[in-house]
Amino acid sequence: MPLRPHTALDRPLILLSNREPYEHVHKPNGIEVRFPAGGLVSALDPILRRTHGTWVAWASGNADRTAADDDGRVAVPPGDPSYTLRRVWLSESDVEGFYLGFANSALWPLCHLFVNMIDIRRSNWESYERANQLFAAAAAQEAERVGGAPMIWVHDYHFALVPAHVRAMVPDALIHQFWHIPFPPPDVFRILPLGVHDTLLRGLLGNDLIEFQTEGYARNFMDCVTRALPEAHVHAEQNLIELDGHQTRVEAFPISIDVAEWERLALLPHTLEVCRTLRDRYAPRDRQLVVSVDRMDYTKGIVRRLRALEHMWTDNPERRGAFTMLIVATPSRTDIPAYAKLERDVLAAIARLNNEFRTLDWTPIVLVHDNVDADLLAAVYCAADVCIVSSLQDGMNLVAKEFIACRKDRNGVLVLSRFAGAADELNAALLVNPFFIDAFADALAVALDMRPKERAERMTVLRERIANATIDDWLDAIIVAAEASGQTAKGDAAAR
Ligand code: ADQ
């Protein structure tokens, strides 16, 4: 992805995320480099290459230490190095306490409003604080190494405390952060204990700019600050917060996908062939194919989706055999008990429904419980009559956008939860409330019965939406806004 000319950075870029873009692992034949799957790494790697920047991340590979120098640095991409990966080592107990514990068992359910899943432990919080200090120190060292007044771009909820720590160590850095998941309203946020929720907010206010997926999450953040930090001045109408003489802008930047790349994948001969095979196998004759693609996560509403299917097949026997449901779900965070339980529940529910409704020539639900390559995902999207995204809460949801990008044929219906950030932009989809099981099943029936003309009209609008809001546009807008917020802050400091 080329950087737009006006996005050219005139300062060194240091990016900080939990996942690293390249991981070294021991294999029987030596050390192998893995490029972790996921849209974000592939979206951000090119800007690091172009700007010869630095990426600070957790060293997750078991051969990472061997491949890096004594300071944890390794030149990447392997074979054609153009930027520096700075690895941060975490002890096993910190991985458990910081990552699995506080980030994924307290902050993740909190931000997604799963209040009964929130598990707060003192030791996990201490580990989160420790890990944030370690990452901040690594970013500060890199800032010193590269010199100048760098742009430090922090990613996600794992690092709420990093911005304030970095600001204390590198006062002239431009610091900003993209928050990938929802931000909860104050009544939910204050479930975090005193001393924790205010520390998190103060940490985030070390940023010059905080980027949220939607206006709603940005508003929630400002409401939380108003409630928890009376000493802060919140100028909500200007999207600005002042604390201890420092200004933070708070804005919405809905993330997107590499639309052109998904369009390309969808038209590959191999993709078209797999697409045909899927239809022959699961949607022969006039049977339809409904698909879903998610990480196996309780926020994605997989169990509710199965309940809606059960409701439909129980109340409308004529719908049995009329479509096959193909669920592609990649295992996720399996070390956390809530995720292991979800996996068991989903497998059991699918087995039960298949047992109850299957016929001689029809298996109602097919589960692919695996991580699938992007070209195969494109084939799944292309083969679908209907794609369901039933998140109970979701920062954005990229699957919805990937499905649209793959449907150059303007066929296929997107059934999209109102509670995914993507619903703000993609309101030409069939929007559903996944908590309202009957209405969810009704919407699925509408999608299955929709005439080609309406399918094409809706898909045309959806495609126009994403054509004008790609990952390039997102990156471009953030870099420009971050630079502008840095200049405002500098101007204000000079005026004081
Ligand atoms: P996620 O919660 O992971 O991301 P999502 O936005 O849907 O949710 O992204 C998932 C990505 O994983 C997609 O690119 C998808 O193609 C891929 N994927 C899903 N299932 C897969 C499978 N079985 N095999 C291979 N790949 C699979 C978080 C937030 C979201 C936000 C993103 C980006 O929770 O709300 O949209 O970050 O900011």
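Reply: Helices (H or I, at least four residues) and strands (E, at least two) are taken here as DSSP runs, numbered from the N terminus, and the expected span of a helix is 1.5 Å times one less than its number of residues. The model is a predicted one, in which local features need pLDDT of at least 70 and side-chain atom pairs count only at pLDDT 80 or more, while totals for chains, interfaces and linings use all residues. Residues are numbered from 1 along each chain as its sequence is written, and side-chain values use heavy atoms, with hydrogens and water left out.

Helix α10 comprises the 14 residues 269-282, which at 1.5 Å a residue should span 20 Å, and this agrees with its end C-alpha atoms, which are 20 Å apart. Within α10, Thr271, Val274, Cys275, Leu278 and Tyr282 are buried, where buried means under 20% relative accessible area, exposed over 50% and partly exposed in between (1.4 Å probe, protein chains only). An α-helix has 3.6 residues a turn, so residues three or four places apart point the same way. On the face of α10 turned away from the buried side are the exposed residues Pro269, Arg276 and Asp280. The cover over the buried residues of α10 includes α9 (259-266), β13 (288-295), β14 (323-330), β15 (365-368) and α13 (374-383), with contact meaning heavy atoms within 4.5 Å.

Turning to the aromatic rings, those of Phe, Tyr and Trp (its six-membered ring) pair if their centres lie within 6.5 Å, with planes under 30 degrees apart counted as stacked, over 60 as edge-to-face and the rest as tilted. By this rule there are 25 aromatic pairs. One of them is the tilted pair of Trp108 and Tyr157, at 5.7 Å centre to centre and with 50° between the planes. Trp108 lies in helix α3 (residues 92-111) and Tyr157 in the loop between β7 (151-155) and α5 (162-169), so the pair ties together parts that are 49 residues apart in sequence. Both Trp108 and Tyr157 are buried. Trp153 and Trp474 also form a tilted pair, with 5.6 Å centre to centre and 40° between the planes; this pair links strand β7, which holds Trp153, to helix α17 (residues 471-495), which holds Trp474, across 321 residues.
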